[in-house]
Amino acid sequence: MQLLCVSISHEKAPISVRERVSFTKKKQAEILKYIKQNIADECVILSTCNRCEFYLAGGDCKKTFLNYLVSLVGGFVADYITVYENDLCCEHLMLTAAGLKSMILGEDQILGQVKDARGFSSANLCCGKYLNTLFRLAVTGAKKVKTETLLSKTPLSAATISIKLCRNILGTLNNKNILIIGASGKTGSIVLKDLLSLGNVNIYATARTRGGGASDNNGAVSVEYEKRYDNLDIYDAVISATSSPHLTLERDKIASAIKTCKTRVFIDLAVPRDIEVAQNESTIYKNIDDLLEIADGNNKIKQKEIKKAQNILKKYTDEFRVWKLFTENEPLFEYAENKIENNGEKYKFRHKIYDLKAENDYARFYEFVTALKEKSYEY
C-alpha cells in the first residue's frame, strides 16, 4: 500500500495561494468522493489556515492525483506543492499533528484539526484502515509531545499573537474598543477569551442570530452580524476569524462607516481573507502571514524542545511502519505457518511474529520478513 501526502502550506505558499485551495466542507466532501472513486482507496483532507494537505493510500496514484489537483485549482499550484511519500508521509503527519510544522511551533489548534480531518473523512467513508491507523497514532504521539515537552507549556496561537500585534500597533489595549467577527468559532472564541482575560478592554462580538438587540455576553457586547458596520467608527481594532468564503467587511462600506481619524487595526485571520480595506497612515491591515514576525520570536525559544519531540514521535512513526509491514505480509505469515507440520513449532512461529511486532523495531522486523520471503515465499 502506497502512502502519499500532497501539501500546500505556509512553508512554501503565501496566503494568496493558500486561500485558493481553502475548500468548504461541502467541496471537501465532493473531492473526497471523487478521489475514492477514481484515484485512491483512502483519502483525508487536512485543511487549516496555513495548509491544505491531501493524504492518500492506495496504488500508484501520485501522477493521477497531481493531474487532478491541477485540473481542480489550476496549473499555478504546481510551484507550491511539496510531496511526501510512504515513510516521509508518515513522518510529516506526525510532525504536523504535534505542531512542529506550524507557523507557531507547538500551537494547540492543529491537533484538533488533525482529529477533525480524520473524522470528516470517516464520515464520508473515505478513511480506511491505513489512514485511520496513521492518523490515530499521529494524534497519540502529538498528545505525548504536548505533555512531555515544553512546546505547549505556554500555548500560543494565531489568535493570541493577533492580540499581541494589536497591542504593539496601538501601544496599549487599555480602554480600547475591539470588535471580533466570528467570535463563536474556534479561533474567534480564543480571541474573545484572551481579550476578556485582560479585563480592561471594551469587547464587541458579532452574532449571526437576528433580533434581540445588543446585550452583554460574558463581558462582551453582542453585535448583530448585519449591524457590524453601524459602530465601526468607534472601534480601535477589528479581528475577523470566520470560516466564511465571502467578505465580512468591504472596502467601500468601511470607508463610509469611518468618520474620525485615528489609528485602527484590522486583523484578518481568515483563509480565504475576508476583510477588504484601504490602508493608509492611520488604517493598518494585517493578515495571518503577517503574524510570522512575532511567531519567529516564540519559535526560537522553543527550538531546544524540538529534538525531544522528534524522539517521542519516532516511536509512533516506527509503530506505524511495523504495523504496516505486518499487515501487508499477513498472507506470507499464514503461508509460512501452513508449511510447518508440527503444531508446537507452529505455535512458536506465530508467537515469534507477534513478539517481533511488539518490539517495535522496524529494522529487525523487516529483516525477519525479508529472510522469510527469500526462504519460503513464492511469487
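Me: How many nonpolar, polar and charged residues does the lining of the second largest cavity have, by class?
Reply: Start with the ground rules. This is a predicted model, where local features need pLDDT of at least 70, side-chain atom pairs count only at pLDDT 80 or more, and totals for chains, interfaces and linings use all residues. Residues are numbered from 1 along each chain as its sequence is written, and side-chain values use heavy atoms, with hydrogens and water left out. Now the idea: rolling a probe the size of a water molecule over the atoms shows where empty space is left. On a 1 Å grid over the protein atoms alone, a cavity is a set of points where a 1.4 Å probe fits but cannot get out; lining residues have an atom within 4 Å of a point. Ala, Val, Leu, Ile, Met, Phe, Trp, Tyr, Cys and Pro count as nonpolar, Asp, Glu, Lys and Arg as charged, and the others, Gly among them, as polar. Here the lining has 4 nonpolar, 2 polar and 2 charged residues. Arg-18, Thr-48 and Val-271 are among them.

Me: What volume does the largest cavity have?
Reply: A volume is the space filled by probe spheres set on the grid points, which are joined across faces, edges and corners. The largest cavity holds about 180 Å³. Cys-49, Asn-50, Glu-107, Gln-109 and Ala-158 lie nearest its centre, out of 15 lining residues.

Me: Which residues lie closest to the centre of the largest pocket?
Reply: A pocket is an open set of points with protein on both sides within 12 Å along at least five of seven lines. The largest one has about 1,000 Å³ of space. Ser-47, Lys-186, Thr-242, Ser-243 and Ser-244 are closest to its centre, among 36 lining residues.

Me: Which element gives the most to that lining?
Reply: Helices (H or I, at least four residues) and strands (E, at least two) are DSSP runs, numbered from the N terminus. Helix α5 gives the most, with 5 residues.

Me: At what angle do α4 and α6 cross?
Reply: Axes are lines fitted to C-alpha atoms, for helices over the stretch in contact, and angles run from 0 to 180 degrees between N-to-C directions. The two axes come within 8 Å and cross at roughly 40°. Angles under 35 degrees count as roughly parallel, over 145 as roughly antiparallel, 65 to 115 as roughly perpendicular and the rest as oblique. So α4 and α6 are oblique to each other.

Me: Which residues of α4 meet α6?
Reply: Contact means heavy atoms within 4.5 Å. Cys-90, Leu-93, Met-94 and Ala-97 of α4 meet residues of α6 including Leu-134 and Phe-135.
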